Amino acid sequence: MNIFKAKSINPGIYIGKARFLVSKAPIIRHSHISADKAAAEFEYLTDSIDVALAQVRQILTTLPEEGQEKEIFETQEMILADPDILQKLETLVLKELNSAPSAVKIAFDEVIAHFEGMQNDFFASRAVDYKDVQQRLLDILLGVHTDPLSSFQAGEVLFCLEPSPTLISSMATQGIGAWVSQKGAYTSHAAILSRGLNLVAITSIPELAFKVRDGQQVIVDATRGELIVEPDADTLARYQKLKADMEASALKDQARALEPAITSTGRRVRINVNIELPEEAATLKAMGAEGIGLFRTEFLYLDRSSLPDEEEQFQIYSSVAKDMAPFPVTIRTFDLGGDKLSHLIPFEPEENPFLGCRGLRFSLFRPDIFKIQIKAVMRAAVAGNLQLMFPMVNDVEDLLQAKELVAECSKELAEQGIRHKADIPIGVMIEIPSAALCADILASEADFFSIGTNDLTQYTLAVDRNSETLSYKYAQHHPSVLRLIQMVLKAARKAGITVGVCGEMASILQYVPLLVGLGLEDLSVQPAKIATIKSIVRKCDLHLEEMVQNSDLDHLGEVEDLIYQKLKKYYQD
Ligand code: PEP
Ligand code: MG
């Protein structure tokens, strides 16, 4: 049995046999045509583009009117109609006398290389859309009609280098419920589609082809982010039971998803959600969300050919607020830097990007970009229940500088006679140890706190949150992290402000009783976890509170004994 760490694209558990997608990309030998055949060859190419367009439009008719699934294939429609690409193809065939397949290979490879060469992962992943269109065109030109999934059996797990949106859309119809890839990004089109179609998916496993062979049994644990190859009998039995239990309890939890989460001691714990894309907001209320605790707005800056202006951001924040009304929406101002770089904003390469100009530091460095966002949020807050929250705050000086900019924005809007909410609630993400240690000082200047345990753990333990090698050291329940959480809670209570957790810790079921026992009143979680987490909160009782409050949390072993033994009954049925 081998276990490999992975990044989750869509949580869930799937057990099946591995099957690699054999690349069907035909080898295109660059071939030339004679000048007298060029016109006919170009006509053949434009006819093929029309066929490709018809295929994409046919797929579009099968997709729901609302939502991102449709946009993905609309992008492909746009690529096929892109005048720059058509112009390039025309030159390649009519002037340079390339055959139609050669021309498609050359023209698209150039664009793909351009996107793949971009520093930003999110943008680089857009190359997949071009590869998908290129493949479709080559299939038509070369008369390839085979379906890449035709040899797959329902129940198998698809393994590939990087899936394309077309592949994902046909997976669902063929009964393939999970995929594993070597490369991929959470925000790629294939990932968005997978969440929409509820396919269990994980990515980012280096040298995947050397780790798994066709036909081996695998467990895709997209909840923990793990791939288990050839599980032993005990592990398999445990996962089969876990999967069956998860399905049964998900049905049960779902029935009460819209009710509030109240412990048996009468404490209400608000269950908010984290989102990355505005489109996600439409369905959250129906899933039981009581607000958006973290809108990671930097994603608005990543997949773009130009930065979003104030009007566009105003529309986005207004529409998310409308979708969630009357519940609050917390706009986390853009957390660029670290591993999230926009190709549109020049960044000096940094030796230690996670310790560099990231989050609020970057925003204060570029007030021109920052103020556009603040103004958009303040304007949208007139009609919507919005609050602002700053990431990567070091100390009260950072917060005061940011608040000064908020005041400046308010003054400028007022001078222009533009309606806005001047006293919009302002929150601080506590994700740097210095902020946690000075939480009492910060509390006097903030309206609320939200603990970003992903970064708080990384910076407290000095362990890169993305390191595979050190993942065993990345303990979100480390006594040092828990002490900081306790300090923040105490400071917030004293100042009478609310405090929540919006890091992944709040979405990890084993940690929920611990967080409730520590006194957290607000958890911001992955949308798919709302119903389950509410049901865990309902099970929390006086015994749990006493156990957590009276436990010795000084040593990692003691904390683990508390979480995995004493508190087990609260998160396991
Ligand atoms: C965190 O650090 O816990 C957090 C929620 O922010 P992000 O994961 O976006 O850095
Ligand atoms: Mg963070």
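# Close-up views of a predicted chain

The chain carries 57 positive and 80 negative side chains, and the centres of these two sets lie 5 Å apart; Lys and Arg count as positive and Asp and Glu as negative, while His and the chain ends are not counted, and the place of a charge is taken as NZ of Lys, CZ of Arg, CG of Asp or CD of Glu. This is a predicted model, in which local features need pLDDT of at least 70 and side-chain atom pairs count only at pLDDT 80 or more, whereas totals for chains, interfaces and linings use all residues. Residues are numbered from 1 along each chain as its sequence is written, chains are lettered from A and ligands numbered from 1 in the order in which they are written, and side-chain values use heavy atoms, with hydrogens and water left out.

View 1. Helices (H or I, at least four residues) and strands (E, at least two) are DSSP runs, numbered from the N terminus. The C-alpha trace spans about 85 × 70 × 45 Å along its principal axes. For 573 residues a compact globule would have a radius of gyration near 25 Å, and the 26 Å of the chain agrees with this; the radius is taken over C-alpha atoms, and the globule rule is 2.2 Å times the number of residues to the power 0.38. Buried residues make up 54% of the 573, where buried means under 20% relative accessible area, exposed over 50%, and partly exposed in between, with a 1.4 Å probe and protein chains only. The chain exposes about 25,200 Å², of which carbon and sulfur atoms supply 53%; these areas come from the Shrake-Rupley method with a 1.4 Å probe, and for residues only the protein chains shown count as cover. Of the contacts (heavy atoms within 4.5 Å) between residues at least 6 apart in sequence, 69% join residues at least 24 apart.

**View 2. Strand β4 (residues 157–160), covered on both faces.** In a regular strand the side chains alternate between the two faces of the sheet. In β4, V157 and F159 lie on one side and L158 and C160 on the other, and all four are buried. Strand β3 (residues 13–20) pairs with β4 in the parallel sense over 3 bridges, two strands being counted as paired if DSSP finds at least two bridges between them. F20 has F159 of β4 as its bridge partner. Strand β5 (residues 178–181) also runs parallel to β4, joined to it by 4 bridges, and here F159 stands opposite V180.

**View 3. Strand β10 (residues 292–296), with 5 of its 5 residues buried.** Strand β9 (residues 270–275) runs parallel to β10 and is joined to it by 3 bridges, with V273 standing opposite I292 of β10. Strand β11 (residues 329–332) pairs with β10 in the parallel sense, over 3 bridges, and in this pairing F295 stands opposite I331.

**View 4. E276, in the loop between β9 and β10.** With a relative accessible area of 7%, E276 is buried. Leaving aside neighbours within four places in sequence, E276 is in contact with Y186, F295, R296 and F299. E276 and Y186 are 90 residues apart in sequence, while their C-alpha atoms are 9.6 Å apart in space.

**View 5. S450, a residue of strand β14 (residues 448–451).** S450 counts as buried because its relative accessibility is 6%. Not counting residues up to four places away in sequence, S450 touches M389, V428, M429, I430, G500, V501 and C502.

View 6. Most residues other than glycine have a negative phi, and most peptide bonds are trans.
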